[in-house]
Amino acid sequence: MSQAPATDIASDDSWTARLRRRTLDAMPSEQLLPDRQPAYVASWIYVFGVASLAALAVITVTGLVLTLGGLTWWHRSSVGHFMNSLHLWSVQLFFVFMVVHLWGKFFMAAWRGRRALTWMTGVVAFLVSIGAAFTGYLVQTSFDAQWIASEAKDGINAIGVGARWNVLDVGQMLLWHVALLPLGVSLIVLAHVLLVRVRGVVPPIGFESGEERRS
Amino acid sequence: MTAGHWNGPTRRYDLVKEGSIALLVVTLATVVLAALFSSPDEKTISLRNWAQNAPDDFYATVVSELSGASTSAGYGPPYNTATEGQSIGPVPLARWGGVTTAVDPAQQFVIAPLSTLSDATVKAAVTQWTGASEDQRSAWAGDYAKALEDAGSADKVVAGDYGPVPALAKAELDMAGNGQLDTALIAGSSFYTSDYTKPLLFLGDGSYLEETAGTQHLLGEQWGMMNSTGNFPGQAWLWLATFWYQMPGFNAEGNTWGDNADAIVFGAIMPILSLLLLLVPFIPGLRSVPRWIPLYRLIWRRWYRQQRVTPAG
């Protein structure tokens with residue numbers, strides 16, 4: 001297949017070409033995968049964002065391994081139980097990292113300079129993660145799950161949501177836990193990370209660019 | 001440009017290397033924590049366990065299902081219309097959800113399971129119950145529930161006209177004791193099931209589940225929402241939700257706040273607080289807190305030291 005002249009590519013108004021141009025304009029590759037950062041990006045607080053992502057990766061992998069054996073496998077197998085332990089502790093680490101990251105960003109006023117959406121996607125990721133973890137506790141098929149479901153139903157029913165979202169239905173909660181909520185967390189985290197890359201890391205207070213001060 | 005919109009000094013940075021090291025360290029930390037501390041696996045309570053370990057509580061619960069005095073019988077939406085459910089002031093959130101999982105505790109938790117038994121005495125008791133009027137059933141079960149409460153245990157109940165209620169309660173206790181009730185309540189009429197609404201509601205109507213949870217520090221007044229069995233960490237991130245239940249008013253019954261605590265906490269307080277967190281960048285005052293509590297000076301101390309300037313603002 002012969003290559004089209006560059007002018008043809010630039011003027012191509014196909015949906016595909018438009019999407020490519022818009023994507024590259026918004027997210028040039030050197031911004032997506034940078035090899036330099038502003039000099040002020042030098043603090044332990046920055047570690048907690050990437051640590052949250054790493055913990056999320058461990059949660060995903062251990063969760064996927066748990067799905068191989070089925071809902072109650074981890075009660076019957078020592079390997080399954082260890083995998084459950086890995087899943088639990090990666091969730092605990094994830095929340096520790098995420099909370100430190102969140103408070104760090106709060107005290108950095110990280111929403112400055114057209115970064116409000118970055119902050120908001122982070123908060124939504126935190127809230128959806130709470131839902132994902134909660135459904136995980138509901139599908140443990142252990143005494144904890146019995147008690148948590150029995151108590152949580154009152155809170156959920158009290159606001160009318162229990163009529164559609166039944167925490168006593170393990171099947172419904174399992175599907176939310178392994179499909180819908182992880183998908184939601186992944187998509188919102190992806191959006192959050194892309195926004196961080198596109199908008200850049202927030203500068204120290206008092207060192208915003210003129211454009212950032214105006215926004 | 002490789003450092004976003006920043007036009008000042010930059011430094012070398014290896015995103016992929018940082019991510020790889022973070023993944024390695026977090027994976028190792030997870031493996032160490034899992035190997036050292038494991039995870040909780042407290043066995044479930046079956047209806048059989050309940051009947052065998054706390055027969056009096058089980059028996060009294062069956063009677064309360066028949067008399068309509070159980071928690072499930074008076075729950076309201078989404079299980080029945082016995083009450084309107086909780087509300088926030090004039091906003092009846094629970095009622096708006098509607099009744100979508102109809103639960104008739106006397107029928108579904110007691111009569112239907114017992115109807116599957118072939119024992120002649122049980123069949124006669126079930127027939128007598130189902131053949132009686134609503135008022136008659138209510139009188140039998142109500143009187144027996146009162147007599148049972150006064151006596152303290154079934155074998156000390158004074159004689160009276162209680163119809164088939166004692167026979168039904170005894171049969172249900174026996175059925176649970178040999179494990180048949182677990183099968184009957186969980187399986188119900190469907191071959192496949194993943195819905196444990198009925199057995200969990202029935203279990204929750206007794207005291208055994210709550211007493212067991214209390215020994216594991218899982219009750220509401222023990223900040224149980226953020227705990228787990230044993231010494232394992234639970235959902236610590238729910239501390240703010242469970243915090244409200246420790247407040248006077250929310251943890252008392254018989255007042256508007258206590259009776260509607262769940263609706264107020266989960267339908268108003270937590271959504272409002274979440275919304276505040278989400279909208280911090282746009283809320284005057286709240287968005288200025290970082291300038292008033294200048295922890296950012298600590299975070300960027302190296303930068304500020306290098307610049308040797310006092311930040312504006």
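What radius of gyration does chain A have, and what would a compact globule of 215 residues have? In this predicted model, chain A has a radius of gyration of 22 Å. A compact globule of 215 residues would have one near 17 Å. The C-alpha atoms of chain A fill a box of roughly 65 × 55 × 40 Å along the principal axes. Chain A contains 10 helices and 1 strand. Read from the N terminus, its elements run α-α-α-β-α-α-α-α-α-α-α. Buried residues account for 48% of the 215 residues in chain A. Among contacts in chain A between residues at least 6 apart in sequence, 74% join residues at least 24 apart.

Chain B was described in the same terms. Its secondary structure comes to 17 helices and 1 strand. Of the 313 residues in chain B, 33% are buried. Contacts in chain B with a separation of 6 or more were also examined; residues 24 or more positions apart account for 53% of them.

The two chains meet at an interface. Here 82 residues of chain B are in contact with 77 residues of chain A. Helix α1 (residues 15–37) of chain B gives the largest share of the chain B side, 12 residues. By residue class, the side of chain B that touches chain A divides into 43 nonpolar, 27 polar and 12 charged residues. Strands also join the chains. Strand β1 (residues 36–38) of chain A pairs with strand β1 (residues 10–12) of chain B. The pairing is antiparallel and runs over 3 bridges. Within it, Q37(A) has R11(B) as its bridge partner.

The largest nonpolar core holds 120 residues. A55(A), F94(A), L138(A), V63(B), V165(B) and L168(B) touch the most other members of this core. Helix α7 (residues 116–138) of chain A supplies the largest share, 12 residues. In soluble globular proteins, nonpolar side chains tend to be buried together. The surroundings of V165(B) were listed without residues up to four places away in sequence. On that basis, V165(B) touches V63(B), L66(B), W140(B), A141(B) and Y144(B).

Helix α5 (residues 105–115) of chain B shows how burial is arranged on one element. Its buried residues are P105(B), A106(B), F109(B), V110(B), P113(B) and L114(B). Viewed down the axis of α5(B), these residues fall within an arc of 140 degrees, so they line one face of the helix. An α-helix has 3.6 residues a turn, so residues three or four places apart point the same way. The buried residues of α5(B) pack against α3 (55–67), α6 (120–131), α8 (165–177), α9 (180–187) and α10 (197–205) of chain B.

A loop position was also examined. P248(B) lies in the loop between α12 (239–245) and α13 (256–259) of chain B. P248(B) has 9 C-beta neighbours inside 10 Å, and therefore counts as exposed; the cut-off for exposure is 12 or fewer. P248(B) and E42(B) are 206 residues apart in sequence. Their C-alpha atoms are 32 Å apart in space.

Methods: Residues are numbered from 1 along each chain as its sequence is written. Chains are lettered from A and ligands numbered from 1 in the order in which they are written. This is a predicted model: local features need pLDDT of at least 70, side-chain atom pairs count only at pLDDT 80 or more; totals for chains, interfaces and linings use all residues. Two residues are in contact if their C-beta atoms, placed from the backbone, lie within 7 Å. Helices (H or I, at least four residues) and strands (E, at least two) are DSSP runs, numbered from the N terminus. Ala, Val, Leu, Ile, Met, Phe, Trp, Tyr, Cys and Pro count as nonpolar, Asp, Glu, Lys and Arg as charged, and the others, Gly among them, as polar. Two strands pair if DSSP finds at least two bridges between them. A residue is buried if 20 or more other C-beta atoms lie within 10 Å of its own, exposed if 12 or fewer, and partly exposed in between; C-beta atoms are placed from the backbone. The arc is that of the directions from the helix axis to the C-beta atoms. A nonpolar core is a set of buried Ala, Val, Leu, Ile, Met, Phe, Trp, Tyr and Cys residues joined through C-beta atoms within 7 Å. The radius of gyration is taken over C-alpha atoms; the globule rule is 2.2 Å times the number of residues to the power 0.38.
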